[in-house]
Amino acid sequence: MKALLLRMFIFRMLALASILGLLSTSLSAAEPNLPGNDLGVTNPSMSDSAGSEAMAKWARSCALCHITGEANAPVVGDTEEWQQRLQKGEAALLNNVVNGINSMPPLGYCMSCEAADFRVMIDFMAGVK
Ligand code: HEC
């Protein structure tokens with residue numbers, strides 16, 4: 001009886017270990033595919049550290065919707081679509097990012113983002129600068 005319990009325990013540990021192993025390999029496999037790393041977009045503001053930090057935040061938050069156009073989000077690099085949005089003026093755009101608009105969530109899910117970050121992100125997505 002004891003031996004059976006012990007075997008079940010070992011079996012469970014092995015199962016747990018393999019699940020954890022799977023998780024960590026799939027997580028690290030996803031890393032190089034993080035959007036923003038290989039978009040090939042040359043953005044001068046990305047070269048300074050504030051800009052690259054903003055881009056890292058973009059990859060973690062905004063990319064989720066703005067690469068695929070999830071829920072009709074304007075797609076990164078779709079200059080025509082972004083041109084229309086830019087016509088609202090930067091203040092209006094920033095306001096919509098902070099407060100959210102329709103399916104665009106407040107702050108775009110980036111709690112640590114500041115206005116300066118959002119400016120870099122908007123310029124990047126709109127393909128300006
Ligand atoms: C959950 C999906 C989602 C995430 C995450 C997201 N967005 Fe959006 N975003 C949208 C959608 C959908 C729209 C279109 C809203 C509309 O005009 O109806 C949008 C629109 C915008 C607009 C245009 C607003 C306007 O007034 O036209 C800007 C700018 C923007 N997003 C920036 C960002 C930034 C910056 C981030 C990351 C910090 C972000 N978004 C994260 C879904 C998302």
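Predicted model: local features only at pLDDT ≥ 70, side-chain atom pairs only at ≥ 80, totals over all residues.
The protein chain contains six helices and zero strands. Read from the N terminus, the order of its elements is α-α-α-α-α-α. Of the 129 residues in the protein chain, 17% are buried. Among contacts between residues at least 6 apart in sequence, 57% join residues that are at least 24 apart.

In soluble globular proteins, nonpolar side chains tend to be buried together. In the present model, the largest nonpolar core comprises 16 residues, and those with the most contacts inside it are Ala54, Trp58, Cys62, Phe118, Met121, Phe124 and Met125. At least two residues of this core come from each of helix H2 (49-60), H3 and H6. The greatest contribution is that of H6, which provides six residues.

Gly51, Ala54, Met55, Lys57 and Trp58 are the buried residues of H2. These residues lie on the same side of H2, because the arc that they cover around the axis is only 160°. An α-helix has 3.6 residues a turn, so residues three or four places apart point the same way. The cover over the buried residues of H2 includes H3 and H6.

Met121 lies in helix H6 and is classed as buried because it has 24 C-beta neighbours inside 10 Å, where 20 or more are required. When residues up to four places away in sequence are not counted, Met121 touches Ala54, Trp58 and Cys62. The C-alpha atoms of Met121 and Val76 are separated by 9.6 Å, although the two residues are 45 apart along the chain. Asp117 is likewise located in helix H6. With 23 other C-beta atoms within 10 Å, Asp117 is buried. Its contacts, leaving aside neighbours within four places in sequence, are with Ala54 and Lys57, both of which belong to the buried residues of H2. Asp117 and Ala50 are 67 residues apart in sequence, yet the C-alpha to C-alpha distance between them is 7.8 Å.

The ligand is surrounded by 27 residues, of which the closest are Cys62, Cys65, Asn102, Met104 and Gly108. Helix H3 (63-66), helix H5 (90-99) and helix H6 (115-126) are the elements that give two or more residues to this shell. By residue class, the shell consists of 17 nonpolar, seven polar and three charged residues.

Most residues other than glycine have a negative phi, and most peptide bonds are trans. Ala71, in the loop between H3 and helix H4 (79-86), has a positive phi near 55° and is not a glycine. Ala71 counts as exposed, since 10 C-beta neighbours lie inside 10 Å and the limit for this class is 12 or fewer. A positive phi of about 65° is also found at Leu107, again a residue other than glycine. Leu107 is situated in the loop between H5 and H6. With 16 other C-beta atoms within 10 Å, Leu107 is partly exposed.

The loop between H5 and H6 also holds Ser112. Ser112 counts as exposed, having 10 C-beta neighbours inside 10 Å. The C-alpha atoms of Ser112 and Ala54 are 10.0 Å apart in space, while the residues themselves are 58 apart in sequence.

Notes. Residues numbered from 1 in each chain as written. Near = placed C-beta within 6 Å. Helix = DSSP H or I, 4+ residues; strand = E, 2+ residues; numbered from the N terminus. Nonpolar A, V, L, I, M, F, W, Y, C, P; charged D, E, K, R; others polar. Contact = placed C-beta atoms within 7 Å. Core = buried A, V, L, I, M, F, W, Y, C linked by C-beta atoms within 7 Å. Arc of directions from axis to C-beta.
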